[in-house]
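Hi there,

Here is the structure I promised to pass on to you. Please have a look at it first, and then read my notes on what turned up.

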Amino acid sequence: MSVQTPQTIVPDYSFLKKVEFESKIKASACFQCRKCTNGCPVTFAMDFYPDQILRFIHLGLRDLVLNCATIWVCASCETCTTRCPNEIDIAGLMDYLKESAEKEGIGIKDNKTYMFHRVFLDDVKKRGRVHELRLMNEYMLKTGEGVKKLKDDSWKQDLKLGLGMLTKGRLPLLPKGIKNKKEVKRILENID
Ligand code: SF4
Ligand code: SF4
């Protein structure tokens, strides 16, 4: 039987300092109670739990954090922020990490969740609100999901679901605009 030697991690605090300076969120206050993770509604889809992300930041594991799916899966519901006994804005931290990953071009290639965010925001920027049919078409084309669905026949299931939503008036055929389209565009351009 082979004996595995535990990997030694030498903490590098420069990443923690950078995160705290740029995000203005005191990540170092985390004492690993896991209240954030226990309240998070989407941990089932994460590769690392929110408390683990905090620990990785403490240890300086920048690439692991910026490449993980968790930051993109986070739904910004703020449950974790509300539950944290140390008042750490974990939801804000997740947003900051998303922005950093995009700025540095890390973990976004072939990342379908990132692509969904991109297509969603581009749609909102164009017409002030999302048009679900257009959004899904663009997402399917850009990620190759459409081709995959054609090959494995799962498009039939999607079509059935879409038709059901159409008949119940839950999926508009044509996009609807909003009054202050320009204002929404201006806001999104400032944060893009
Ligand atoms: S709830 Fe706050 S202190 Fe507890 S693990 Fe999460 S971030 Fe850390
Ligand atoms: S903000 Fe994100 S990490 Fe926090 S509880 Fe909601 S989904 Fe989970």
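**What I found**

In the protein, 62% of the contacts with a separation of 6 or more are between residues 24 or more positions apart. Please keep in mind that this is a predicted model.

Let me begin with the overall picture. The protein has twelve helices and zero strands, so to speak of its order along the sequence is to write α-α-α-α-α-α-α-α-α-α-α-α. Along the principal axes, its C-alpha atoms fill a box of roughly 55 × 50 × 30 Å. There are 192 residues in the protein, and buried ones make up 19% of them. The protein is divided into two parts by the domain assignment: domain 1 covers 14-104 and domain 2 covers 112-191. Between the C-alpha centres of domain 1 and domain 2 there are 28 Å.

Ligand 2 has 14 residues around it, with C40, C74, C77, C80 and A91 closest. Here the helices that supply at least two residues each are α6 (79-83) and α7 (90-104). Which of the elements gives the most to the shell around ligand 2? That is α7, with three residues. The shell around ligand 2 divides into ten nonpolar residues, three polar and one charged.

The helix α7 comes up again in the largest nonpolar core. This core has 26 residues, and those that touch the most other members are A27, I57, V65, I71, I90, M94 and L97. Two or more residues come from each of α1 (14-23), α3, α4 (62-67), α5 (70-73) and α7. Of these, α7 gives the most, with six residues.

Most residues other than glycine have a negative phi. E87 is not a glycine, yet has a positive phi of about 55°. This residue sits in the loop between α6 and α7. Is E87 buried or exposed? E87 counts as exposed, because it has 10 C-beta neighbours inside 10 Å, and 12 or fewer is the cut-off for that class.

The other case is D110, with a positive phi of about 60° although D110 is not a glycine either. Where is D110 found? The place of D110 is the loop between α7 and α8 (112-127). D110 has 9 C-beta neighbours inside 10 Å and therefore counts as exposed too.

That is everything from my side for now. Happy browsing, and do write back with any questions.

Best wishes

Note on methods
Residues numbered from 1 in each chain as written. Chains lettered and ligands numbered in written order. Predicted model: local features only at pLDDT ≥ 70, side-chain atom pairs only at ≥ 80, totals over all residues. Near = placed C-beta within 6 Å. Helix = DSSP H or I, 4+ residues; strand = E, 2+ residues; numbered from the N terminus. Nonpolar A, V, L, I, M, F, W, Y, C, P; charged D, E, K, R; others polar. Buried ≥ 20, exposed ≤ 12 C-beta atoms within 10 Å, placed from the backbone. Contact = placed C-beta atoms within 7 Å. Core = buried A, V, L, I, M, F, W, Y, C linked by C-beta atoms within 7 Å. Domains from an automatic or database assignment.
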